[in-house]
Structure formats: C-alpha cells, structure tokens
Amino acid sequence: MKIVITGGAGFIGGNFLHYMLKKYPNYEMICVDKLTYAGNIETLETVMNNPYFKFIKADIADRTAIYKIFEEEKPDIIVNFAAESHVDRSIEDPSIFLQTNVIGTQVLLDACRKFGIDRYHQVSTDEVYGDLPLDKPDLFFTEETPIHASSPYSASKASADLLVQAYYRTFGIPVTISRCSNNYGPYHFPEKLIPLMIANVLNDKPLPVYGTGENVRDWLYVEDHCIAIDLIIHKGKIGEIYNIGGHNERSNLEVVQTIITELGKGEIRYVADRAGHDKRYAIDPTKIYKELGWIPKTSFDEGIKKTIKWYLDNKCWWQNIISGEYKEYYKKMYEDKLA
Ligand code: NAD
Ligand code: TYD
C-alpha cells in the first residue's frame with residue numbers, strides 16, 4: 001500500500017503521518033508539501049530516516065510536479081490535507097486560498113483521473129456549513145446541512161468539496177470527503193486559538209480574545225481526527241461525506257480560561273472582532289459512529305492537558321516558528337489590536 005499525504009508537514013497531516021507510520025509499519029507513506037509558512041519539516045524530523053517514508057517538496061497546484069509524482073510513485077491512495085487553513089489570513093488576502101484550496105484540489109483530481117487511484121480522500125471542514133446560532137444548542141451540522149460558507153477560507157474549502165463530488169459523479173473517481181470540527185494537539189501552528197494562547201501565556205503576552213469571546217467551537221483532539229480518516233480511507237463508502245466531531249463544545253472564553261487555569265497565569269485582552277465571525281460550530285457525528293464505529297477517545301478536559309504538556313515539553317518547536325517569518329504576521333495582525 002502506498003499513500004500520498006499532501007500537506008503532511010502541517011498540523012493535522014503531520015499528526016496523521018506519525019499515526020499511520022506507527023500503525024502500518026509496512027505502508028509506504030509519501031509526504032507532498034510546498035512548505036509554506038505553515039509547513040514545518042521539523043514536525044517530520046523523527047520519521048525522515050524511516051525507509052517507508054519519503055518527503056517531496058511540491059505545490060499541489062503545480063500540474064507538472066504533481067503528474068510526475070503520480071507517474072513515478074503510482075500511489076494507491078491520496079489524502080489531501082494541503083491547504084491554506086487560517087480564516088484571518090483569508091480575510092487579509094483570499095487569492096492564495098483559491099489557488100491552493102481550489103486549483104490545487106482540481107490538479108490532484110485530474111492526476112487521479114489520468115493515472116488512476118483506489119481512493120482520493122479530501123480533508124474538509126465543518127466550516128463549509130457556515131455557522132449555527134448561539135441560542136439554539138440543539139442544532140448540529142449533519143452531512144445533509146446545506147453548504148453556506150462565511151469566510152474566503154470556508155468558501156474555498158466548500159468549492160473544493162463541490163469539485164470532489166463533481167469528479168465522482170462525472171468521472172467516477174473513487175472519492176470520500178470528511179468534514180471535521182476544530183482540531184487541537186501537538187504541532188499546531190501558533191497562529192490558531194489554542195497554541196497562540198499557550199505560547200502567549202508562556203511568553204507573558206496578553207491573550208487576544210476576539211469580540212466577546214462567546215463564539216463556540218467543537219474541539220477535537222487531533223489523534224481522534226487521524227483515527228477517523230484512517231477508518232474512512234479503509235472502510236468508508238465511495239462518494240460519501242463523513243462529519244467528524246465529538247460534542248466537545250466550548251466558548252472561546254472557556255477555552256482561554258482553561259489554559260489560564262492550567263498554566264496558573266495569563267491576562268485576557270478583548271480585541272476587535274473578526275469580520276463575519278462564525279458564531280457556533282457543532283457536529284452531529286451519528287453517521288460515522290453508525291457506519292464506521294468511530295467515537296472520539298479524548299475528552300476536551302484530557303486533551304487540553306496533554307496539549308499544554310506538549311507545548312511545555314517542545315518549546316523549541318514553536319519558539320523557532322515564533323522567531324521566524326510568523327513574527328511579521330503577528331506584528332501586522334495584533335500590533336494595533338493589542339496597542
Ligand atoms: P496547516 O496550515 O497546519 O498545514 C497545511 C499544510 O499544507 C502545510 O504543511 C503547508 O506547507 C501545506 N501546503 C499549503 N499550501 C500547499 C500547496 N499549495 N501545496 C502543497 N502543500 C501546501 O493546516 P491544518 O490545520 O493541518 O489543516 C489540514 C487540513 O485540514 C486543511 O485542509 C484544513 O482545511 C483541514 N481542517 C483543519 C481543521 C483544523 O482545526 N485545523 C479542522 C478541519 C479541517
Ligand atoms: P481559529 O483557531 O482561528 O479557528 P477557526 O476560526 O477556524 O474556528 O479560531 C478559533 C476561535 O477563536 C474563533 O472563534 C476565533 C477565535 N480567536 C480569538 O478569539 N483570538 C485569536 O487570537 C484567534 C487566533 C482566534
């Protein structure tokens with residue numbers, strides 16, 4: 001079995017690679033990653049010498065490079081994690097989101113069509129469903145919920161999903177799609193809520209909470225996401241969409257308060273709200289539970305402790321990021337907000 005993982009130097013793709021190499025020591029795993037600001041080769045350091053692992057630096061939107069990889073490697077399965085993934089950046093400049101998330105997906109699908117594939121899996125997000133109101137806690141996203149994207153990021157992910165479904169229907173490409181809620185855990189880039197707050201507490205910086213902090217996200221420990229994708233690529237039904245999430249809803253303020261409590265310090269600073277800020281995400285995971293027997297193993301209370309411990313034990317990993325190019329982004333995005 002040979003699996004190509006795109007975006008494997010990023011947060012979830014990196015965790016997935018580690019998970020799969022451990023679980024299936026005889027599978028060949030190839031990471032294809034452009035190494036954007038969010039890609040970090042250090043995440044893969046411990047598997048670089050594994051003879052079953054190979055790293056190829058390439059852009060998924062580069063047709064020549066992707067066709068060459070398919071021609072030479074003849075993969076059985078593609079799992080596409082590669083994406084521009086940060087909503088705030090998509091508000092600053094949507095273009096690269098369309099290029100990578102939409103055109104990149106199209107190039108991968110065209111390669112599957114040209115060279116053949118057993119399975120193309122698209123890693124999507126619950127954000128394609130838009131948001132839910134805060135005052136109706138009994139509402140959840142199901143696979144039948146209409147697509148209703150709010151940000152340029154979610155619009156680009158929704159567009160990619162539509163292309164994947166169209167290539168299934170029109171060309172018979174054997175696809176699956178998963179739509180997961182917010183992940184957290186090791187190797188999470190410190191521009192996203194949880195790692196940013198942990199890093200700021202540890203660096204004695206204020207904790208920027210957008211708006212009132214009442215927005216709700218459904219948090220999933222990243223390993224549970226990896227387990228779900230493994231199940232879908234092996235046992236999921238072709239052409240199907242699977243929602244992934246585990247009823248771990250927390251408001252942003254609750255998340256930040258938990259981090260402050262765990263670390264014993266931290267000063268909240270309320271800052272300007274994100275434009276178009278989605279109120280609440282919440283997944284109904286009934287389908288993946290009934291069809292594939294998946295339920296999350298790690299509760300938020302346990303996962304957040306494990307995550308904080310990882311950031312304390314791996315300061316080098318995130319401090320290297322904060323001292324590099326990301327520093328400029330942080331200055332641009334937060335200097336005025338925190339002034
Ligand atoms: P990330 O930003 O941490 O990593 C993205 C990776 O993709 C990086 O390694 C980057 O270098 C690579 N990449 C970007 N553009 C590329 C290109 N053109 N060609 C090749 N590689 C490229 O993202 P993440 O949080 O790990 O998310 C992975 C996937 O999961 C994304 O598709 C995202 O939409 C989806 N997702 C994320 C979450 C979440 O909470 N983070 C939740 C649900 C779904
Ligand atoms: P984020 O981690 O960017 O994920 P997403 O927007 O894809 O859900 O943000 C999670 C929530 O935290 C979201 O409601 C925005 C909020 N947030 C802050 O309040 N402050 C911050 O500095 C960041 C990055 C996010």
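Colleague: Which element gives the most to the shell around ligand 1?

Modeller: That is β5, with 3 residues. Keep in mind that this is a predicted model.

Colleague: Which elements give two or more residues to that shell?

Modeller: Before the elements, the contacts. An oxygen atom of ligand 1 sits 3.1 Å from a polar backbone atom of Phe-11, and a nitrogen atom of the ligand is 3.1 Å from a polar backbone atom of Lys-34. An oxygen atom of ligand 1 also lies 2.8 Å from a backbone N or O atom of Asn-183. On its own the ligand exposes 840 Å², and the protein buries 97% of that. As for the elements, they are α1 (11-23), β5 (119-125) and α5 (152-171).

Colleague: How many residues surround ligand 1, and which are the closest?

Modeller: There are 28, and the closest are Ile-12, Asp-33, Ser-85, Tyr-153 and Lys-157. By class, the shell has 13 nonpolar, 11 polar and 4 charged residues.

Colleague: Back to β5. Why is it described as largely enclosed by the rest of the structure?

Modeller: Because 7 of the 7 residues of β5 are buried. The cut-off for buried is under 20% relative accessible area.

Colleague: Which residues point which way from β5?

Modeller: Arg-119, His-121, Val-123 and Thr-125 point one way, while Tyr-120, Gln-122 and Ser-124 point the other way. All of these residues are buried.

Colleague: What about its neighbours: how many bridges join β5 to β4, and how many to β6?

Modeller: Strand β4, residues 77-80, is joined to β5 by 4 bridges, and the two run parallel. One of the pairs is Ile-78 with Tyr-120 in β5. On β6, residues 175-180, there are 6 bridges to β5, again with parallel strands. There Ser-124 stands opposite Arg-179 in β6.

Colleague: Ligand 2 next. How many residues surround it, and which are the closest?

Modeller: 19 residues, the closest being Glu-127, Arg-217, Arg-274, His-277 and Tyr-334. Divided by class, the shell around ligand 2 has 9 nonpolar, 5 polar and 5 charged residues.

Colleague: What does Glu-127 do there, with its side chain?

Modeller: An N or O atom in the side chain of Glu-127 is 2.5 Å from an oxygen atom of ligand 2. Taken by itself, ligand 2 has 510 Å² of accessible area, of which the protein covers 97%. The elements giving two or more residues to the shell around ligand 2 are α6 (193-202) and β8 (207-210).

Colleague: Is Tyr-187 buried or exposed?

Modeller: Buried: the relative accessible area of Tyr-187 is 18%, and the cut-off is under 20%.

Colleague: What about Asp-204: what is its phi, and is it buried or exposed?

Modeller: Phi of Asp-204 is near 55°, also positive in a residue other than glycine. Asp-204 lies in the loop between α6 and β8. With a relative accessible area of 61%, Asp-204 is exposed.

Colleague: Last bit. Where is Ile-3 found?

Modeller: In strand β1, residues 2-6. Ile-3 is buried, with a relative accessible area of 0%. Its C-alpha atom is separated by 5.7 Å from that of Pro-75, 72 residues apart along the chain.

Colleague: And which side chain does Glu-73 make a polar contact with?

Modeller: That of Lys-54, at 2.4 Å. Glu-73 is found in helix α2, residues 63-73, and is buried, with a relative accessible area of 9%.

How values were computed. Residues are numbered from 1 along each chain as its sequence is written. Chains are lettered from A and ligands numbered from 1 in the order in which they are written. This is a predicted model: local features need pLDDT of at least 70, side-chain atom pairs count only at pLDDT 80 or more; totals for chains, interfaces and linings use all residues. Side-chain values use heavy atoms; hydrogens and water are left out. A residue is near a molecule or strand if one of its heavy atoms lies within 4 Å of it. A polar contact is a pair of N or O atoms within 3.5 Å; within protein, one must be able to donate a hydrogen and the other to accept it, and residues adjacent in sequence count only if both atoms are side-chain atoms. Accessible areas come from the Shrake-Rupley method with a 1.4 Å probe; for residues, only the protein chains shown count as cover. Ala, Val, Leu, Ile, Met, Phe, Trp, Tyr, Cys and Pro count as nonpolar, Asp, Glu, Lys and Arg as charged, and the others, Gly among them, as polar. Buried means under 20% relative accessible area, exposed over 50%, partly exposed in between (1.4 Å probe, protein chains only). Two strands pair if DSSP finds at least two bridges between them.
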